[in-house]
Amino acid sequence: MTRATHRSAEEIGRTELGPRPLPPLGEPRPGRPSATVDTVLDNGLRVIAVRHGVVPMVELRLRIPFADEAPKHPARAELLAETLLTGTERRNRVQVDTDLAAVGGALNTIVDPERLSITGDALASGLDTLLDVLADALTGAVYRDEEVEGERARLVERITVARSQPRVIAREELQRHRYGDHPFVREVPQADDVASVTAEEVRILHREAVLPRGSVLVLVGDIDPDQAVAGVARILTDWHSEDSARELPSLPAVRGGDVRLVHRPGAVQSQLRFSAQALARTDPQYPALQIANLVFGGYFSSRLVENIREDKGYTYSAHSSFEFTRGNGTVLVDADTASEVTAAALLETRYELARLALVPPTESEVESARQYAIGSLLTSTASQSGMASTLMALAAAGLGHDWLFAHPERLRAITAEQVAEAARLFAPTAFTGVVVGDADKLADELLLLGGVVLS
């Protein structure tokens with residue numbers, strides 16, 4: 001009998017001459033342009049329809065600009081989003097759900113200071129039904145008193161809980177620190193405001209703000225784009241208005257300055273949130289800045305993660321990313337740390353920001369970040385859902401499928417010198433932010449670092 005031999009992974013990975021060399025990375029396969037229709041209907045609705053994938057499904061994304069400077073608007077908007085799909089003149093809540101389920105479909109609604117978003121999916125053969133339910137809600141939602149009252153009570157409970165969460169507190173403090181009383185700051189409504197919203201207020205908001213002109217509808221899936229657009233024009237024909245959906249007012253530029261220490265009594269962890277002005281996606285320098293951000297903190301192999309997570313263990317997760325609004329972009333840096341290492345984590349974060357600006361990324365760092373950026377883009381848009389969400393994000397900036405298809409080539413063309421130039425935007429003096437934690441534990445060390453002020 002011959003006894004089978006087994007080798008460990010380490011044994012397989014080595015030879016008598018040393019470790020086995022890893023094979024070189026293959027060239028990413030270029031994406032193929034999909035059949036696409038991008039047009040604006042007579043009612044002012046922009047429709048982007050893309051044939052993508054062979055799964056017999058269709059993904060739907062609708063973005064309605066939904067800004068308003070009224071203090072109570074976030075509460076009304078949140079309650080509208082929660083009740084938009086609870087019934088129309090033709091369907092009650094059960095009938096909405098039943099009709100969607102019959103085509104393997106679903107619709108969900110979410111709102112923020114910029115937009116009202118409706119996302120959904122269905123079998124491709126059920127696209128007309130999906131659009132019919134959507135059109136019914138857009139033109140005939142009735143917001144029955146009992147539905148609004150029930151959702152209002154549940155929403156008040158959820159908001160009360162959310163406002164006690166450290167990450168929500170940190171985000172709100174950062175927004176206020178960056179933008180003062182701009183409407184973009186009011187992401188989570190006040191529970192008392194929600195409790196006072198009436199069904200009639202929600203109905204009025206729908207009539208005044210749920211408008212097609214300036215909105216964008218994206219359909220991605222196993223569809224014929226021309227037929228899909230024709231179906232949208234036919235089924236949504238009653239959704240019209242001469243008014244335009246309300247865009248968010250332009251944001252002021254984020255200016256570097258002191259970090260504000262926000263006292264959260266008894267906290268055992270601190271939330272570090274920093275921000276600086278960046279570039280819009282439409283800026284020619286954006287691809288270089290995208291690679292610079294990855295080198296700094298945009299993925300696991302970044303300098304910031306290597307420093308404060310892998311080397312020093314100050315945090316489980318450190319990350320930098322972009323936040324885009326219409327015509328604008330900012331960079332966000334975040335990490336959560338134990339109170340005893342908060343000052344040290346702030347020091348090292350500033351060090352890595354300065355190092356990126358003064359010590360340019362190496363060719364190896366640039367190439368690794370480039371491969372990650374191209375690969376993650378291709379991966380994220382391989383699915384119908386990912387493609388639909390990406391196209392919607394681009395549409396908000398006035399971009400479309402052509403920009404997405406060309407972006408990998410833009411990334412491939414970027415040089416290390418261009419990345420070094422873009423990295424100057426990461427100078428520590430360009431950043432401001434907040435640290436949320438127990439000031440009784442943090443203040444002495446943070447004030448020694450300088451550039452930190454107490455709230």
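Begin by selecting residues 77-184, the stretch that an unreviewed UniProt entry lists as "domain: Peptidase M16 N-terminal". The model on your screen is a predicted one, and in it this stretch is 57% helix and 14% strand, with its end C-alpha atoms 13 Å apart.

Next, select the open sheet of 6 strands, which has mixed pairing, and follow its order, β11-β12-β10-β13-β9-β14. The edge strands, each of which pairs on one side only, are β11 (315-325) and β14 (452-454), and from one strand to the next the twist averages 20 degrees. Strands of a sheet are held in pairs through backbone hydrogen bonds, in either a parallel or an antiparallel way. For an antiparallel example, show β10 (residues 269-277) together with β13 (residues 432-437), which pair over 5 bridges, and find L272, which stands opposite V435 in β13.

Helix α12 (residues 342-358) lies across β9, β10, β12, β13 and β14, and runs at about 20 degrees to β10, while helix α17 (residues 439-449) lies across β9, β10, β13 and β14, running at about 160 degrees to β9.

Finally, move to helix α14 (residues 384-395), whose 12 residues should span 16 Å at 1.5 Å a residue, and this agrees with the model because its end C-alpha atoms are 16 Å apart. Is this helix mostly covered or mostly uncovered? Helix α14 is mostly covered, with 9 of its 12 residues buried, among them Q384, M387, L391 and L394. To see what covers the buried residues of α14, show elements including β4 (46-51), β5 (57-65), β8 (216-221), α13 (363-380) and α15 (401-413).

Methods:
Residues are numbered from 1 along each chain as its sequence is written. This is a predicted model: local features need pLDDT of at least 70, side-chain atom pairs count only at pLDDT 80 or more; totals for chains, interfaces and linings use all residues. Side-chain values use heavy atoms; hydrogens and water are left out. Helices (H or I, at least four residues) and strands (E, at least two) are DSSP runs, numbered from the N terminus. The expected span of a helix is 1.5 Å times one less than its number of residues. Buried means under 20% relative accessible area, exposed over 50%, partly exposed in between (1.4 Å probe, protein chains only). Contact means heavy atoms within 4.5 Å. UniProt positions are given in the numbering used here, feature names are shortened, and annotations may be inferred rather than shown by experiment. Two strands pair if DSSP finds at least two bridges between them. Axes are lines fitted to C-alpha atoms, for helices over the stretch in contact, and angles run from 0 to 180 degrees between N-to-C directions.
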